[in-house]
Amino acid sequence: MDLGDSEARQRQGVPRHDGGLPLDIHSPWVIQRLSGCMAGPQIRRWCWVLMAVGAIAFVMGQFTGVDRTWATLLLTGQFLVGLGLGGLFLMAMHYLTGAAWSVAIRRIPEAMASLLPAGLLAVGAVLILHPSLYDWTRDVEHEASAGFRGLWLNYRFFLLRGVIYALVWLAFAAGLIGNSRAQDRDGNAAHTRRNVALSAGFTVLFAVSYWLASVDWIMSLDHHWYSTIFGVYNFTGLFASAVACAILVAVWLRNQGVMRGVIFDDHLHDLGKLLLGATTLWAYIWFSQYMLIWYANIPEETIYYVHRQEGTWAPLFFMNPVLNWVVPFFILLPRGCKRNGSVLGRVAAVVLVGRWLDLYLMIFPSVSGGEVTFGVWEVAITLGASGLTCAIILRALSRATLVPLKDPYLDESLHYHKLSGGIGAVSPGFHGRRRSMRESPATRERPRDRSSRAALFCHDLPSQPKAQVGIILVTGASGYIGGRLVPELLARGYRVRVMIRAASSECTWRWPGVEVAVADVLSGEGLRDALLGVDTAYYLIHSLLLGPKRFAEADIWAAHNFRKAAEEAQVTRIIYLGGLGDLTAQLSPHLRSRMEVAAELQRASIPVTVLRASVIIGSGSASYEIIEHLARSSRFILAPRWADNRCQPIGIRDVIKYLVGALETPETEGRSFDIGGCDILTYRQMLKHIARVLGRPIFIVTGPSLSIGFYAYLASLRTPVPAAITRCLFGGLQNEVVCQDDTIKSLLPFEPIGYEEAVRRAMRMEEQDSIRTRWSDAYPPSHASALKLHELKNPPKYVARYSLTTHAAPEALFQSICKIGGKHGWFRNNWMWRLRGMIDRILLGVGTSRGRRSYSTLNVDDVIDFWRVEDLEPNRRLLLRAEMILPGRAWLEFEIAEKPDHNVLTISAHFDTCTIRGTLYWCFFMPFHRFIFMHLIQQIERTSLR
């Protein structure tokens with residue numbers, strides 16, 4: 001069977017995936033991106049520095065502690081050999097099992113296999129240049145020379161076996177990798193079949209040879225002791241460390257942006273399951289070996305463990321299972337942790353440290369004797385080995401495309417994903433709300449949609465509305481920009497359709513007369529209906545809310561699906577708002593993603609207008625709230641060096657005018673334009689300007705060149721914007737974002753406002769409590785598809801309910817309830833709410849700093865600290881859904897029941913969980929519920945009686 005023939009593969013039962021590719025894997029810009037992992041000069045420099053440190057330490061160690069130095073080299077060699085063989089083993093399992101999901105990440109174990117020669121050289125140097133590390137080589141009359149031991153522990157035979165092991169492993173490595181590279185050149189599926197045959201032979205020979213090598217190179221250091229499962233035990237450590245190394249490289253490549261659209265969360269999920277299984281297998285073999293030896297109580301065997309459980313070795317001995325099993329087991333049990341690249345990478349790093357400790361406990365007690373010998377030489381040589389490992393893997397990744405472009409199973413691997421909770425992700429059905437959402441008195445005072453002339457931006461736009469334009473689709477209408485654009489289009493007489501993530505009556509209430517379409521841009525479901533009959537589509541979707549780990553791959557996937565659907569629906573035109581940046585410079589992942597989305601949309605057969613904007617300043621924008629809160633809350637600000645880069649901020653009103661003007665100006669069709677305000681400032685100057693407006697002097701100190709994540713995390717603790725968004729925005733600050741082309745000013749001749757004017761307008765809107773849209777409206781990204789309380793199949797597992805009788809009017813009670821959270825707090829015990837929010841923010845959750853969009857109005861889907869309004873019935877009920885990090889789902893419900901001579905105010909805490917962690921969480925906080933909630937409803941009553 002020709003594996004390249006899709007019909008033949010279907011006849012053989014190979015699953016077929018419909019739909020477009022996450023990436024057009026054969027497009028020139030994708031091939032260029034995947035042509036090899038070119039590490040930056042800073043990474044290469046650090047690798048050379050670490051290798052130099054290790055080499056100097058090894059030389060110096062010859063004069064201070066010879067055995068220690070050579071033992072460390074042996075440990076390093078074993079570690080590298082383990083990673084190299086682990087890479088070969090992962091490749092062999094890939095071919096033997098016919099796995100398709102791992103094709104996209106196969107280059108990683110291939111690169112790991114390149115560590116094999118370096119590891120073998122290190123081990124060979126010890127065996128040849130310092131064989132006295134093995135005590136049986138020092139005395140030919142030693143008892144080891146008797147019987148079979150004497151035959152086996154013969155130095156010449158010992159070296160010969162080592163050469164055989166090395167030749168066998170290197171031969172299989174050359175064959176497997178060589179066939180893979182050959183397939184890249186000619187695309188012949190026969191290379192896959194050859195590798196299947198090679199993998200079968202390798203697996204058998206590897207099992208035997210590595211077992212024997214473990215006995216020769218490690219167990220014979222203490223030839224008095226032996227264990228029949230020592231080879232199996234060493235293999236489990238090798239397997240766990242290999243999976244951990246593959247995870248670290250995969251996460252790094254995805255974070256760098258070169259593998260977005262290739263490595264998805266489901267790939268990480270399977271790697272996480274492999275790591276969980278490998279570490280659990282290691283724990284089983286570790287315990288089996290220890291238990292059997294302890295139970296048998298044979299002196300020749302128990303001496304191994306007795307020595308390692310005494311004195312200074314004991315803490316390391318008991319730390320070994322903690323690092324190699326306890327930590328990965330309990331962290332990786334939840335499904336979400338296995339799909340989170342950040343968490344998975346940290347666990348993988350712990351496992352690699354655990355593997356190093358495991359080898360240290362195998363080698364050093366037999367060499368150094370009674371006490372732990374760990375000092376500067378061991379640390380330095382280990383650092384040198386780390387630099388060598390990184391250098392070899394990076395070099396191997398740069399020598400071939402990062403994805404085997406001509407592998408017959410690549411299509412399956414690229415479709416092995418299902419992003420959930422991403423941009424535009426919705427469930428296909430809409431169940432409706434259990435109770436209607438009517439307008440409340442609290443919302444009637446300040447409606448969101450102000451159609452007055454003062455609230456609109458385009459009344460002085462030089463272009464004129466086009467009566468002949470048909471339906472206009474606004475994607476991302478629930479977001480910050482889309483929510484401002486829709487009322488402008490309606491006010492100018494256009495027929496508008498909004499595309500949202502989940503069906504809701506909120507849109508028709510906010511914008512009477514608007515059409516609502518529910519679609520999922522990631523899966524493509526609903527896109528055809530949403531685009532049916534559309535004349536012009538505004539593409540305002542971005543996945544920044546997903547955080548730096550996922551936004552890039554989701555962006556390109558969504559753009560690809562939208563382009564295809566727009567072409568099929570024969571849309572006349574697309575208008576896209578992207579990011580500003582120098583196309584010739586090395587852009588941040590955020591800006592590069594915006595550029596690639598524009599390129600993907602421009603591949604359409606219909607005209608696409610691209611508007612590129614820098615920092616957007618306006619009430620409710622994430623960029624403005626970061627700058628404003630930093631200037632307001634801090635006198636001293638630690639700024640990175642790139643704070644002196646220039647940008648051209650633009651006010652939200654000017655962005656909306658350009659978006660509407662582009663629609664009404666035919667000359668903008670099929671062209672790209674830079675849009676910006678009238679000021680060019682550095683980020684340091686932007687902080688200074690806003691501080692001057694606030695009347696608060698600030699001192700900005702240039703900090704060290706640390707990672708973006710560090711500064712983003714610090715900023716997220718001082719601002720309402722979570723670290724996931726802050727990190728993506730900060731990534732763009734490393735580039736100068738200044739307009740290179742002002743052609744659009746001749747087509748739309750209006751004068752943009754300056755930075756300080758935009759800031760003052762934003763502050764005025766905040767003071768007037770007139771923020772119409774806010775970045776938090778769509779954060780977190782999963783909120784639109786989150787399970788509602790009435791959608792639970794069974795009632796919540798835990799409910800705590802507290803009530804009081806009151807003579808206050810229902811209207812007054814409800815107005816008091818609607819004022820909770822935000823700047824005014826929760827009436828009493830605010831420190832407890834803020835402490836819980838601080839813990840959530842430290843854990844990279846939303847925390848309480850999001851506050852509220854408005855302190856006087858409340859509507860469905862509004863944010864209240866770490867809650868979101870799920871349902872609202874005036875004068876009767878307010879239901880809040882928790883969006884903090886929890887081991888379950890939580891709701892807080894306020895109800896007002898009218899009685900003939902009194903009213904009953906009730907607060908109910910609902911918590912649904914199916915895990916032990918969730919149960920423990922509920923039991924821990926349950927004693928605090930009465931204290932917190934009773935005080936809360938008492939204060940609500942007192943406030944309503946005033």
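Helices (H or I, at least four residues) and strands (E, at least two) are DSSP runs numbered from the N terminus; axes are lines fitted to C-alpha atoms, for helices over the stretch in contact, and angles run from 0 to 180 degrees between N-to-C directions. The model is predicted: local features need pLDDT of at least 70, side-chain atom pairs count only at pLDDT 80 or more, and totals for chains, interfaces and linings use all residues. Residues are numbered from 1 along each chain as its sequence is written, and side-chain values use heavy atoms, with hydrogens and water left out.

Two strands pair if DSSP finds at least two bridges between them. Strand β2 (residues 496-500) pairs with β3 in the parallel sense over 4 bridges, and I500 stands opposite V518 in β3.

An open sheet of 6 strands has the order β14-β19-β18-β17-β16-β15, with antiparallel pairing. Its edge strands, β14 (798-806) and β15, each have a single partner strand, so one side of each is left without a neighbour in the sheet. Helix α31 (residues 810-817) packs on this sheet and touches β14, β16, β17 (877-882), β18 (889-898) and β19 (903-912), its direction making about 160° with that of β18. Helix α33 (residues 916-945) lies across β14, β18 and β19, at about 15° to β14. Strands β15 and β16 pair in the antiparallel sense over 2 bridges; the bridge partner of I864 in β16 is W867.

Residue D865 is placed in the loop between β15 (863-864) and β16 (867-873). Its relative accessible area is 4%, and D865 is therefore buried (under 20% relative accessible area; exposed is over 50%, partly exposed in between; 1.4 Å probe, protein chains only). A polar contact of 2.9 Å joins the side chains of D865 and W826; such a contact is a pair of N or O atoms within 3.5 Å, where within protein one must be able to donate a hydrogen and the other to accept it, and residues adjacent in sequence count only if both atoms are side-chain atoms. A polar side-chain atom of D865 also lies 3.3 Å from the backbone nitrogen of G822. Beyond four places in sequence, D865 is in contact (heavy atoms within 4.5 Å) with G821, G822, W826, G847, T848, R850 and G851.

With a relative accessibility of 3%, C818 counts as buried.

A search of the whole structure finds 0 disulfides (pairs of cysteine sulfur atoms within 2.5 Å). For C245, the nearest cysteine sulfur is that of C390, 8.5 Å away. C245 counts as buried, at 6% relative accessibility.
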